[in-house]
Amino acid sequence: MKKVIRIIIIAAFFFTALPIFAKTDTLENAINSAANEISRKIENKTNAIAVLDIQSDYTKLSEFIVEQLVYELTNILEPKQITVTERNERSLALIQKETDYQYSGAVSDDTIQDIGQDLGADSIVLGKIGRFGNEWILNLNVVTVKNKTQLATSRQKISKNDEKIKYFEKEYEESGYLSQSSWGKSSKKTSSPTWNSENKTALTFVALGLNVPFNISSDSDVTLNDNTFPYGISAHLQSSYMYISFKGNINFDFVKYSEKTSTLVGANLSLGASPIHNDYLFVGLYGTLGFDEINKYSYIAYGGSAYIGFNFSEKLGLFFNLDVTRRSSEQYNGDEEEPPYDPLFIDSWRICPSIGLSYTFSGISF
């Protein structure tokens, strides 16, 4: 039973950490990949295509993506007798007029049809790029001009540290202007778009802290913390999706009992809810299952856990954690036929507050 629990905990740690290693690319490579993906999907479905609008917080970034996408599509599609048409002044004026009116940055179906007919295109590329946690996402959508049927989509992940995006961000900071779309209404920048108080769709972070564990026996005649102040360290890996959260933690407690000082090693897997998990604050409540080992004795541990994290920068934060677990099913794992002593942890409780630092790896906003 204990081996099964250990395997489950190790596997859960692995899958919880997967978002950390999600692949990202450069902006130029992402545009190239998107162009190739779109080209494969629309072949034999269109005769002429136009790249209309890429929504972004940065005007120059939008323009760069449009120009690069036109260049890549032209190289791929024109040898296949598919025309890639360029925007003209009238199409840009129509987009600006609409975004000035509705302030949404979106382009209506009627406008798409008017522009497509004006450019001689039977399909249109629309898109949006935005930052989500530690990466940028470029979404593209190809629709027909006549009946707005979707022909193809593409979704590309781009590194937050991409040099070209950093350049456009810096230019934005220096100019102080924010664009709602490539050719939409510009407004004076009022605040930096770095932190978000809305809950995340997904969030993954690690934490390292100091423990103050208290071991309390159900037997009033047994004292597990004689003549010492217990202490320890813990490592946490957490991942949340919507309002569901997973947490894995490993503990090393140094406790003294019956004139002996020993190291208690424990590992726990927790499943619970995270009603608040944004750039500023994380709150999680969990049910916990795991195991504890001390001097060749092992125990199944179960109980509950509460976690509160406060971010004081984009990545770093301070956390408080409280674990309350009960040990049962004592088992001796040594080679001796008769154990030298029994640590008497069976049916005992571990109450452990801890405090430490956390580091956020990824977060995707609603």
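Tutor: A search of the whole structure turns up eight aromatic pairs. Here, rings of Phe, Tyr and Trp (its six-membered ring) pair if their centres lie within 6.5 Å; planes under 30 degrees apart are stacked, over 60 edge-to-face, and the rest tilted. Tyr58 sits in the loop between strand S1 (48-55) and helix H3 (59-77), while Trp136 is in strand S4 (residues 135-144), so the pair ties together parts that are 78 residues apart in sequence. Helices (H or I, at least four residues) and strands (E, at least two) are DSSP runs, numbered from the N terminus.

A word on the basis. The model is predicted: local features need pLDDT of at least 70, side-chain atom pairs count only at pLDDT 80 or more, and totals for chains, interfaces and linings use all residues. Residues are numbered from 1 along each chain as its sequence is written, and side-chain values use heavy atoms, with hydrogens and water left out.

Buried means under 20% relative accessible area, exposed over 50%, and partly exposed in between (1.4 Å probe, protein chains only).

Now a second pair. The ring centres of Phe282 and Tyr307 are 5.8 Å apart and their planes stand at 80 degrees, so this pair is edge-to-face. It links distant parts of the chain: Phe282 is in strand S13 (residues 281-294) and Tyr307 in strand S14 (residues 297-311), 25 residues apart. Phe282 is buried at 4% relative accessible area. Tyr307 is buried too, at 1%. Ring pairs extend the group: Phe205, Phe282, Tyr307 and Phe319 are linked into a cluster.

Phe319 leads on to the next strand. It lies in S15, where it stands opposite Gly309. S14 and strand S15 (residues 316-332) run antiparallel and are joined by 14 bridges. A hairpin of four residues connects S14 to S15. Two strands pair if DSSP finds at least two bridges between them. Strands of a sheet pair through backbone hydrogen bonds, either parallel or antiparallel.

Back to the sheet that holds S1 and S4. Five strands form an open sheet with mixed pairing, in the order S2-S1-S3-S4-S5. Strand S2 (83-85) and strand S5 (150-159) are at the edges with a single partner strand each, so one side of each has no neighbour in the sheet. On average, neighbouring strands are turned by 25 degrees against each other, direction ignored. S1 and strand S3 (residues 123-132) pair in the parallel sense over six bridges. Within that pairing, Ile49 stands opposite Ser123 in S3.

Helices pack on this sheet. Helix H2 (residues 27-42) touches S1, S3, S4 and S5, and its direction makes about 160 degrees with that of S5. H3 touches S1, S2, S3 and S4, and its direction makes about 160 degrees with that of S1. Axes are lines fitted to C-alpha atoms, for helices over the stretch in contact, and angles run from 0 to 180 degrees between N-to-C directions. Contact means heavy atoms within 4.5 Å.

H3 has 19 residues. Its buried residues include Leu61, Phe64, Ile65, Leu69 and Leu73. In H2, the buried residues include Leu27, Ala30, Ile31, Ala34 and Ile38. An α-helix has 3.6 residues a turn, so residues three or four places apart point the same way.

A nonpolar core is a set of buried Ala, Val, Leu, Ile, Met, Phe, Trp, Tyr and Cys residues joined through side-chain atoms within 4.5 Å. Of the 34 residues in this one, Leu27, Leu61, Leu73 and Ile129 touch the most other members. Elements giving two or more residues are H2, S1, H3, S3, S4, S5 and helix H6 (163-175). H3 gives the most, with nine. Another core lies apart from it, with nine residues, among them Ala121, Ile124, Val143 and Val145.

Leaving aside neighbours within four places in sequence, its contacts include Leu61, Phe64, Ile65 and Ile129. Asp162 and Lys164 are also among the contacts of Leu27.

Notes:
The expected span of a helix is 1.5 Å times one less than its number of residues.
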